[in-house]
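Work through the exercises below with the coordinates open. Each task is followed by its solution.

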Amino acid sequence: MDKAFNDLVRQTREKFLSFDLDGNNVALDFVNTVEYRDTPKVYEWITTYIDALGWAERVGIFSPEITEQLIARGYERDSSDWYNQIIEHRKILHRVFSTVIKQKQENPSVMNDLNVILQAARKRAVIDMNGSGFSWHFPDVKKDPTGFLQPVVNSAADFLVKSDMKRLKRCSDPECGWLFYDTSKNKSRRWCSMKGCGNRAKVNKFYLNHRNRDF
Ligand SMILES: [Zn+2]
């Protein structure tokens, strides 16, 4: 591959090194590839199928070698179908999680959409025995640049079935929009990260508490 390709791979990898894995679940981390959703500050991490592969490498679904092979697969070809499929999956997962967080009555169309992508993902799934336990395995994951969606959708389904939905939360920063699974002992986590929104909130509180004083 040429220099432009190598640069693209390197830039994508560098970009996703700064993507924080604060969701505590791979499907939540996937949904969190939109920051400041529904605000003028909206930031889209996934602007091409290549970004999606960079993300999949970051979360450990693909090795660096496989990521490069898959990027090469679509390089200089029309990849809009892959991209649309990736974004559509993310939209469906976000709608499901948001419905849970808002404690709305289950909307049948939300569940229908989820079940369609879940059945497609599990169609080729197998269960592997590893050591003392079992795990899902997706032999087609490397088949094309959308293959990573299979384990992501499967994790979302497992997560919904097995986890305590009271711990599924949206960051308390009204604009942030990131979702996370609160694993704290007393279910008290409020921010997607203490480094980002938690820290900003702390600084704002300090400012509000001190602005009327003379320094
Ligand atoms: Zn946040």
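**Metal site and backbone exercises**

The model is predicted: local features need pLDDT of at least 70, side-chain atom pairs count only at pLDDT 80 or more, and totals for chains, interfaces and linings use all residues. Residues are numbered from 1 along each chain as its sequence is written, and side-chain values use heavy atoms, with hydrogens and water left out.

**Exercise 1.** Find the protein donors of the zinc ion and assign the site geometry.

Step 1. Collect donors (N, O and S atoms within 2.8 Å of the metal, or 3.2 Å for Na, K and Ca; water is not among the atoms, so sites may look incomplete). The SG atoms of C171, C176, C192 and C197 lie 2.3 to 2.4 Å from the zinc ion.

Step 2. Check the angles. The four donor atoms give 104 to 117 degrees, so the site is tetrahedral (four donors, all angles between 85 and 135 degrees). The ideal angle for four tetrahedral donors is 109.5 degrees.

Step 3. Read the spacing. The donor residues follow C-x4-C-x15-C-x4-C. C176, in the loop between β5 (168-170) and β6, and C197, in helix α8, are 21 residues apart and link distant parts of the chain. Helices (H or I, at least four residues) and strands (E, at least two) are DSSP runs, numbered from the N terminus.

Step 4. Classify accessibility. Buried means under 20% relative accessible area, exposed over 50%, partly exposed in between (1.4 Å probe, protein chains only). C176 is buried because its relative accessibility is 5%. C197 is buried at 3%.

**Exercise 2.** Locate E76 and K187 and state their phi values.

Step 1. E76 sits in the loop between α4 (64-74) and α5 (80-101). Its phi is near 65 degrees, positive in a non-glycine residue. E76 is exposed at 70% relative accessible area.

Step 2. K187 sits in the loop between β6 (179-181) and α8 (194-210). Its phi is near 55 degrees, also a positive value in a residue other than glycine. K187 is partly exposed at 36%.

Technical notes. Tetrahedral: all angles 85-135°; square planar, octahedral: opposite > 155°, others 65-115°.
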